[in-house]
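User: Hi! Could you walk me through a structure? I'm new to this, so please keep it simple.

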Amino acid sequence: MRVLVIEDDRETAQFLQRSLRESGHNADLAGDGETGLAMARDGGYEVLIVDRMLPLRDGLSIVQTLRGEGTRTPVLILSALGEVDDRVKGLRAGGDDYLTKPYQYTELLARIEALARRPAPEQQETRYVVGDLVLDRLSHKVVRGGEPIVLQPREFRLLEYLMKHAGQVVTRTMLLENVWDYHFDPQTNVIDVHISRLRSKIDKSFAKPLLHTVRGAGYMIRDGSD
Amino acid sequence: MTALTRLLLSTPFRLALIYMGAFILAAGLTVGFIAWRANELLTTSVVETLRAEVVGLREQYQAGGPARLSAIIAERAADPGSSLYLLVDSAGQRAAGNLRQVPPELRDGAQRGVFTYIPQSGPAQGRPRVAVGVLFDVPGGLTLVVGRDIEDLRRFAWSMGRLGLWSIIILSALGVGGGLLISRSVLRRIETVNDTTRTIMAGDLSRRIPLNGSGDELDRLAESLNAMLSRIEELMGALREVSDNIAHDLKTPLNRLRNRAEAALRSSEGAGIYRDGLVKTIEEADELIKTFNSLLLIARLEGGAIAESMERLNPASIIADIAELYEPVADEAGLSLSVAAEPGLTLTANRELVSQAVANLVDNAIKYSPDGRRVNGAAAASPISIALKRVDQDIEITVGDRGPGVAPEDRQRALQRFVRLEKSRSRPGSGLGLSLVAAVARLHGGSIRLEDNAPGLRAVLNLPVNGPNHAVPVHAGQLREH
């Protein structure tokens, strides 16, 4: 995956470039807003990582300009400003996701991978299939190995989100933001308990587990034979 | 600038001067006009009397000729305090009367006028006096002058004029003096405000503007300024407290982190130790970041920075969502979570912040409840209850547990930053949970209090239904559907 990192702090930028390379991605760097915008225009990147405060041109303006020109490349906005209002501004400018500094690299990686593989709205599937687990988004039914599984509404949404990102790491924060729409950090790890409940429903009576814990990062739903 | 020039340049004094000038001008014009009119009237009425007398004299002349006229004039002129008379024959000789000669002011054709004469008898003898006279010709070449002394009237008018002048001078002096006095008192009160602000700027934030208790507009201004100063002092205090707390409570984990990294570096046992040390260092750093985030959020809330993002929402759904989020956690700890929410309530608030506040309360309740699994294995033995109801103009959210509770004397302290009561030191957490709830409550114009749940602790969060102030505009588009 080709990633463009527009970040003015050299050390952060190089850390990201090195880490992304280790994760098998190719990252280019831009140190200021104008260079970043020019590179984003003709670079053919799959994901843009844009810092909010940049010299010459700020991050939100880059995203707005690109969106105004019809560029649909997914954008992850990085910012030290993390209040509700700042996030709303970032997303309204055309950003697809918003991550507050300081962040964990695993969190950033999970998010850009989710962004890069996000299908366009018109081609969203109505059925997700992972191994013998099937989730029907229209009838709200979940079936594994032919057996129906009864889920609470929130459990359904949790599973839906995990299956939409099947094969990708999904962090606890991503789940909290996308399934519960909370942007704060609960003191207890509530997500783990919800996951273990879900796991007991979809994995317990089956030989092959589908819902995996990725240590130090989050969770992933995946057919083990892949 | 000296005190005097400052006084003379002050707004109240200048206003007083302008007012005074206008007053004196108006008074002068009025007095002048009245004096002029009075003089006119007096002269006219005297002349009228003289005319009537002349008519009488003419009748005497027609009845008895020049001799009779002259006799009557001589007789009348002899009376002390009488009118003034002069009868002159055709040769220009005085025939009778108490005037020595025809006054020059009446000689050249003027029929009436004011003239001066010198009385030949009486107390004012020899001194010139003012009189009004009428001159007319009597058939037979005689000239008759009849006049009346108006010296006393003139004197009276003059003294009245002087009186008026003096009163204007005195009034002006009083006005200027009063203006100075008023401006000085106003100026002095404003000076105290200036002094106070200068002292405050120099660093003494505890100073306040003294009130004189009159409740006038300057007092009210001082009151508002004092209220503003208190708020600023409070904010500064909060800021100082934050920095003190950061210094005190963040240095400890930072130091721990540093020691751990140093120990790992010093160790000669190889990569495994390094790895462990780094993993722990990152964990510690993450905890620090969380604490920092909470602190920043509290500070921003207390600065009132997030007030614009309030919306009309349904508090029952907030409670239900948080209960749903925490239910598995409570269940795992062997606790039951019950929700009793009054339906149909609305609340103007920030959903995210109120959710976070309620989450913190529920989190605490779970953390401090005795493990339900060890108590007879019956979850109901240790329930956590969340209640929502309307009390007057407030939404009241209550989270109760059956844990050890908090002693009454510790309850206020438990709401402060970083305060972790001794009993809870061993449990995880930054000690910021409740103070965040308190900051959220304050931002919404509400409050948080801790009560005895007999047994256990009950946290009561009050939020005004209409938000921090009733002027918050609510647009139809802001209504959140749940």
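This is a predicted model: local features need pLDDT of at least 70, side-chain atom pairs count only at pLDDT 80 or more; totals for chains, interfaces and linings use all residues.

User: Great. How many helices and strands does chain A have?

Analyst: Chain A has 8 helices and 12 strands. Helices (H or I, at least four residues) and strands (E, at least two) are DSSP runs, numbered from the N terminus.

User: And what percentage of chain A is buried?

Analyst: Of its 226 residues, 37% are buried. A residue is buried if 20 or more other C-beta atoms lie within 10 Å of its own, exposed if 12 or fewer, and partly exposed in between, with C-beta atoms placed from the backbone.

User: At what angle do α6 and α8 of chain A cross?

Analyst: The axes of α6 (residues 153-164) and α8 (residues 190-202) of chain A cross at roughly 85 degrees and come within 11 Å. Axes here are lines fitted to C-alpha atoms, for helices over the stretch in contact, and angles run from 0 to 180 degrees between N-to-C directions. So α6(A) is roughly perpendicular to α8(A), a label for angles of 65 to 115 degrees.

User: Which residues make that contact?

Analyst: A:Glu155, A:Leu158 and A:Leu159 come from α6(A), and A:His194, A:Arg197, A:Leu198 and A:Ile202 from α8(A). Being in contact means that the C-beta atoms, placed from the backbone, lie within 7 Å.

User: New topic: how many residues of chain B are in contact with chain A?

Analyst: 21 residues of chain B are in contact with 17 residues of chain A. On the chain B side, α6 (271-302), α7 (315-332) and α8 (351-368) each supply at least two residues, and α8(B) gives the largest share, 7 residues.

User: What about phi for B:Asp392?

Analyst: B:Asp392 has a positive phi of about 55 degrees, although it is not a glycine. Most residues other than glycine have a negative phi. B:Asp392 sits in the loop between β9 (384-391) and β10 (394-400) of chain B.

User: Is B:Asp392 buried or exposed?

Analyst: B:Asp392 is exposed, because it has 8 other C-beta atoms within 10 Å.

User: And where is A:Leu56?

Analyst: A:Leu56 is in the loop between β3 (47-51) and α3 (59-68) of chain A. Its phi is positive too, near 70 degrees.

Key
Residues are numbered from 1 along each chain as its sequence is written. Chains are lettered from A and ligands numbered from 1 in the order in which they are written. Two residues are in contact if their C-beta atoms, placed from the backbone, lie within 7 Å. Angles under 35 degrees count as roughly parallel, over 145 as roughly antiparallel, 65 to 115 as roughly perpendicular and the rest as oblique.
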